[in-house]
Amino acid sequence: MAPTLGVLAPRARAGEQADRAVSAVRQLVASGQVKPGTVLRLRAKQGNLVSLLGRDFQLQREWEQLTGTAIDATVMPQLDSMAFIRDGQEVDLTIARTHEFPDLLAAGLIEDLTPWLARFGMTLSADAQQGYLLPAKQSQVGNRVVAVPADLDIAMLFIRRDLLEDPRHRAEFRQRHGRDLAAPRTWDEYLELARFFTRPADGLFGAAEPRERRTGWMYWLPRYLSAAGDRPWLFDEQMRPLIAGSAGVAATANFAATVACSPPQVLEDGKDFSYTLPQFVRGHAFSTILTAATAKIASREDSAVRGRFVAAPMPGSLVGGRLVRRTTFIYGNNLVVPRSAQHKAVALMYAMWLTDPINSLRSVSANGIADPYRQHHLRDEAVRQAYTAQAMDVLRDEIGHVSPGGTGLPGNTEYLGALSHQLWQVAAGRASPAEALRRTAREWDAITDRLGRPAQIAAWKQQRAELTR
């Protein structure tokens, strides 16, 4: 098995990755290891298909012509992938969200790609010019590569520039708060703006962040990590939860306070970004937090806020007089090879071919939901036009503030499920922040004990080492 540094070697020339992937498949066919006409079975979410197959299936047709292998694509629901990978016995290549990797690997459901990459002499480049933006955080569990980055999906803040610049709003805000109306630096300022722009009689709400039961952790975690300052840990060295301390209580209070500034159905089951994003795009919200795809969707011709919004740095917390800002992976549809796949080598080679510097631009530029995930994507004129140059510049600056999504541990799905449930209780007014976090801490301790505290401590030690790099 190649060492981690070999997997992340900082070198990739435009086109070389794709050429090597095609050559590898041709050699496999020539040697009889892969039959001519082999069908690669790809499963993805509806919005990902155009990114994975190309506009008008151009990438699919090109791959099939170059390699003599075919692609059969099917659709999966817009949910976490574990159940579909576990039950899908006829899938060679699929997508999984970044926070799912530890559980998928621990359950033996996806391949460790490290030896496969070494076999074909290929890497996930960290090159500053064309490499993947965050290859280790997007692809690894510990020192094992388990995915090929094909998306980014970090949390970003989007706000209405036209409302900030309106002279009437500016005069009213200064009179009320004694300072200029501007993008928020802190989570407290963000909440202040959300309250200021909540005007239901005008059909306007201050914040359009999901608050349903499954995904609350995604919008809580940046708040907690910034409030925790230089030690943004979820657990101590013995895996005792730290979230019930002052940083967690402050983050939870801020998280819950936005409900009063939100569209009316925000607490209902299933009202995730598919509910909140349209509120922003239709002009019914001052702000939203989601991924970079927001900029592309809000810039379409049918958007009510086209040309009237900006991306802003994620707010932070003042810790010891210093502003600490953090964001995190919230979705991230990266490519994984199921352990049950029949054509693992072909699947990995397609993933590498698709995410080559040149082909990845064609993928991201298609009318799909994959966000820019390589360095040169942020500089490409077509990408900058689709997503707006301003949003791409903010995304570039946010890269240095990204933390992993969730715990990064086996049992991550359970830990996050328990947290999100308690966060919903607070948001619904059924529990106080302190009470809900104490319950969460107890549930987390029970999960840790059931999974085996010594093993979880060892995994957390490795995860903390990654966080301090």
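## Contacts and the nonpolar core

Contact here means that heavy atoms lie within 4.5 Å. In this predicted model, Tyr350 touches Leu40, Leu52, Leu53, Leu59, Gln60, Trp63, Ile71 and Leu93, when residues up to four places away in sequence are not counted.

## A pair of strands

Strand β6, residues 156–160, pairs with β7 in the antiparallel sense, and the two are joined over 4 bridges. One of the residues involved is Met156, whose bridge partner in β7 is Leu290.

Strand β7 covers residues 287–290, with Ser287 and Ile289 pointing one way while Thr288 and Leu290 point the other way, and all of these residues are buried.

## The cavity

Rolling a probe the size of a water molecule over the atoms shows where empty space is left. The count comes to 1 cavity of 30 Å³ or more, and the volume of the largest cavity is about 40 Å³.

Which residues line the largest cavity? They are Trp217, Trp220, Leu221, Leu234, Gly406, Thr407, Leu416, Leu419 and Trp444. Helices α12 (216–227) and α20 (412–427) each supply at least two residues of this lining, with the largest share, 3 residues, coming from α12. By class, the lining of the largest cavity has 7 nonpolar and 2 polar residues, and no charged ones.

## The second largest pocket

The second largest pocket has a volume of about 330 Å³. It is lined by 19 residues, of which Phe273, Leu277, Ala293, Ile297 and Ile369 are the closest to its centre.

Helices α14 (273–281) and α15 (293–297) each supply at least two residues of the lining of this pocket, and the largest share, 4 residues, comes from α14. The lining of the second largest pocket divides into 8 nonpolar, 6 polar and 5 charged residues.

## Phe255 in helix α13

Phe255 is found in helix α13, which runs over residues 246–257. Is this residue, Phe255, buried or exposed? Its relative accessible area is 2%, and because buried means under 20%, Phe255 is buried.

Leaving aside residues up to four places away in sequence, Phe255 touches Arg211, Gly216, Tyr219, Trp220, Arg223, Leu423 and Ala427.

## Two residues with positive phi

Most residues other than glycine have a negative phi. Asp56, which is not a glycine, has a positive phi of about 55 degrees, and its place is in the loop between α3 (46–53) and α4 (58–67). Asp56 has a relative accessible area of 54%, and therefore counts as exposed, the cut-off for exposed being over 50%.

Met239 is not a glycine either, and has a positive phi of about 65 degrees. Where does Met239 lie? Its place is in the loop between α12 and α13. With a relative accessibility of 0%, Met239 counts as buried, whereas Asp56 is exposed.

Technical notes. Residues are numbered from 1 along each chain as its sequence is written. This is a predicted model: local features need pLDDT of at least 70, side-chain atom pairs count only at pLDDT 80 or more; totals for chains, interfaces and linings use all residues. Side-chain values use heavy atoms; hydrogens and water are left out. Buried means under 20% relative accessible area, exposed over 50%, partly exposed in between (1.4 Å probe, protein chains only). Two strands pair if DSSP finds at least two bridges between them. On a 1 Å grid over the protein atoms alone, a cavity is a set of points where a 1.4 Å probe fits but cannot get out, and a pocket is an open set with protein on both sides within 12 Å along at least five of seven lines; lining residues have an atom within 4 Å of a point. Grid points are joined across faces, edges and corners, and a volume is the space filled by probe spheres set on the points. Ala, Val, Leu, Ile, Met, Phe, Trp, Tyr, Cys and Pro count as nonpolar, Asp, Glu, Lys and Arg as charged, and the others, Gly among them, as polar.
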